[in-house]
Amino acid sequence: MIGGELIIDNVSKDFDSVRVLRNANLKIKPGEFFSLLGPSGCGKTTLLRIIAGFEYPTEGAVYLDGKNIINKSPNNRHVNTVFQNYALFPHLSVFENVAFSMRLKKESNEKIRKKVTEYLALVKLEEHVKKMPSQLSGGQKQRVAIARALINEPSVLLLDEPLSALDAKLRQQLLIELDAIHDEIGITFIYVTHDQQEALSVSDRIAVMDRAEILQVGTPFEIYENPANLFIANFIGETNNIKGTVKNVDDDIITIETDSFGDFKIFKDKEVSIGDTVKVTIRPEKIRISRERPTDTDLPINVLTGRIDELIYSGFQTKYYVTLDVNGVTFKVFKQHIKYFMDDTPFSWKENVLIWWYAKDSFLIEVK
Amino acid sequence: MKKNYGQIYTLPLTLWLTVFFTIPILIIVAISFFKKGLYGGVEFKLSLDAYKALFNPLFLKTLTSTLFISVITTIFIIIFAIPSAYYIARSKKKDFWIFLIIIPFWTNFLIRIYAWIAILGNNGLVNNILIKLGVIENYVQFLYNQWSVITVLTYVSLPFAILPLYSTIEKFDFSLLEAARDLGASKAQSIYKVLLPNIKSGITTAILFTFIPTFGNYAVPQIIGGKDSVMVGTIIARELTVMRNWPLASSISVALTIMTTIGVLLFSNFNKSKTEELRELKRGIK
Ligand SMILES: Nc1ncnc2c1ncn2[C@@H]1O[C@H](COP(=O)(O)OP(=O)(O)OP(=O)(O)O)[C@@H](O)[C@H]1O
Ligand SMILES: [Mg+2]
């Protein structure tokens, strides 16, 4: 199968004169696994429903393989949806649910039986063909919904938070399977989620949305390592935010002065001039925690002293909340445990420690 | 122990049903087997006369026409009730519409039927409007035939179909219709293939709630009907009050009750057998 190319061209949507989607522009490549990520109520479902044909955009157009489809009814679009609440037909068996679209096309029984069996195998549900939806577990229901949507051979599959009703383990497993199905059939997937971990782990690209707007589009790496603004930096994973003014600009290092803990250095990846107010973010896993100053590096680093205020051990890592000596600023520091029995003598609560990070690991987000 | 408690709890209900339901029916059954008294009432002599009279071709003809009127009326009602109930269930002003449907019950049943004479009568609203518009020159006789009876019976029972249908449709998950559209169904197909099968229990209730009272109705054919629309209910009333043939009125009632009961049993069994089949199927898989 060949995936469709989908272009969202300046789409806006009003509900009762409230704008719930503002000038959305996206170009989704054929066969791409594309995620829409954003907090609840930001307009993800609305955008998906406009693509599926259940809502009509107030402004803008949607092109599927070059043709504007906004005036086509949902049954005439080469797009299928996996609904958040599964929306399986309760009066039909698993087999008949999956066969629904083929029955509408009046395909022969033989053809239907073959193809339904094939798609139920794809989602690993062969044994449950004769069950009614009410007899299935949540994960099984979602598999039926996926098979039912895929059997229609859409060029774009829309998935609206398909895993949100499942428990964490199952979610992980189905996510991997979904990724495998995507690789196998090769059509375009548009995946709506508010779970950043989900989006990061399977997507080719992600669009981050907030309050009716698309804020950034990029690969998971770009979104995580180079967020376009503070909202994204905080929404995608955890981070430490620092506010300050530019004090000195060298060839590739900027010195920033803060009100709270003096100066620190960061790598120069944006043009700034002395006196600018800037916001900087540093991811907690990029900060090291130690008892002595690091001596084995020539690269520019920032070192601060503080005390462990809180310590959360969670198996593969420990989260430290370190409050600086100079004033009440608290830094989050995540330490991965790559060796059995900790990496050295464990740090303890209320212990005085050093935290440090490489200047190139933090980055400028906003310049004013 | 439990059993005894159950019987005690249901005692008031059992008493109520016995006194006001079972005993009257037994009295009717008993009367039907006696001889007709001269001025109403009965002579206490056993007789099957009243049942023999049922095989009178005139009565059988009335029975057929009653059946015809009831079936057509029920079909009309269901055709009107499903879209109305659907509309109400999806509307933002549900309470308002339900209120409108219940309002007519505040007016006496007979008065509401007489109101139809004002609407459909020779000098009634519809005729006057049509004449004013020049569609017709002289009044048209709408009343006193089968179709006027069907119209008014439809009006009378419509709420009894809309209300159970509304309560079923309200529980229906409308996103299923979107799922159907998404999978290639037209609007009509999504209604036919997804909505209707899922509100079957409501449709069954609506049919029973409208067919049974229509089948036994006598006021409407009496007031609105003509020669071609005599219904079994009319005959019962006439035999009881005018002809003073209590046994015949009773035997007709008994026949009516038996037919309705058999009908209901067959109908609900037909519906159940499908559900049963499904259940069997499920068991087979496990
Ligand atoms: N039919 C509607 N009528 C009025 N407002 C609506 C309608 N559908 C959605 N909205 C509003 O539009 C906004 C966006 O809703 P949408 O369902 O797209 O959010 P979402 O990003 O999918 O959120 P969630 O993650 O909670 O599903 C919300 O504020 C919602 O209240
Ligand atoms: Mg949503």
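Let me start with ligand 1. The residues around ligand 1 are Phe15(A), Val20(A), Ser40(A), Gly41(A), Cys42(A), Gly43(A), Lys44(A), Thr45(A), Thr46(A) and Glu161(A). Keep in mind that this is a predicted model.

Sorted by class, that shell around ligand 1 holds five polar, three nonpolar and two charged residues. Which element gives the most to the shell? Helix H1 of chain A, residues 44–52, does, with three residues.

Next, the individual distances to oxygen atoms of ligand 1. For Thr45(A), a polar side-chain atom lies 2.5 Å from an oxygen atom of ligand 1. For Gly41(A), a backbone N or O atom lies 2.7 Å from an oxygen atom of the ligand. For Cys42(A), again a backbone N or O atom, the distance to a ligand oxygen atom is 3.2 Å. As for how much of the ligand is covered, ligand 1 taken alone exposes 630 Å², and the protein buries 59% of that.

Now to Asp263(A). Asp263(A) sits in strand E13 of chain A, which runs over residues 262–267.

Leaving out residues up to four places away in sequence, Asp263(A) touches Lys247(A), Thr255(A), Ile256(A) and Glu257(A). With one of these, Lys247(A), the side chain of Asp263(A) makes a polar contact of 2.5 Å. There is also a distance to note along the chain: Asp263(A) and Val326(A) are 63 residues apart, and their C-alpha atoms are separated by 12 Å.

Last, two residues with backbone angles to look at. Tyr86(A) has a phi near 70 degrees, a positive value in a residue other than glycine. You will find Tyr86(A) in the loop of chain A between strand E6, residues 79–82, and helix H2, residues 94–104. The relative accessibility of Tyr86(A) is 12%, so Tyr86(A) counts as buried, the cut-off being under 20%.

The other residue is Glu153(A). Its phi is near 50 degrees, also positive in a residue other than glycine. Where is Glu153(A) found? In the loop of chain A between helix H4, residues 138–150, and strand E7, residues 156–160. Glu153(A) has a relative accessibility of 36% and therefore counts as partly exposed.

Methods: Residues numbered from 1 in each chain as written. Chains lettered and ligands numbered in written order. Predicted model: local features only at pLDDT ≥ 70, side-chain atom pairs only at ≥ 80, totals over all residues. Heavy atoms only, no water. Helix = DSSP H or I, 4+ residues; strand = E, 2+ residues; numbered from the N terminus. Contact = heavy atoms within 4.5 Å. Polar contact = N/O pair within 3.5 Å; in protein donor to acceptor, adjacent residues only side chain to side chain. Near = heavy atom within 4 Å. Areas by Shrake-Rupley, 256 points an atom, 1.4 Å probe, with all protein chains shown as cover. Nonpolar A, V, L, I, M, F, W, Y, C, P; charged D, E, K, R; others polar. Buried < 20%, exposed > 50% of the residue type's maximum accessible area, 1.4 Å probe, protein only.
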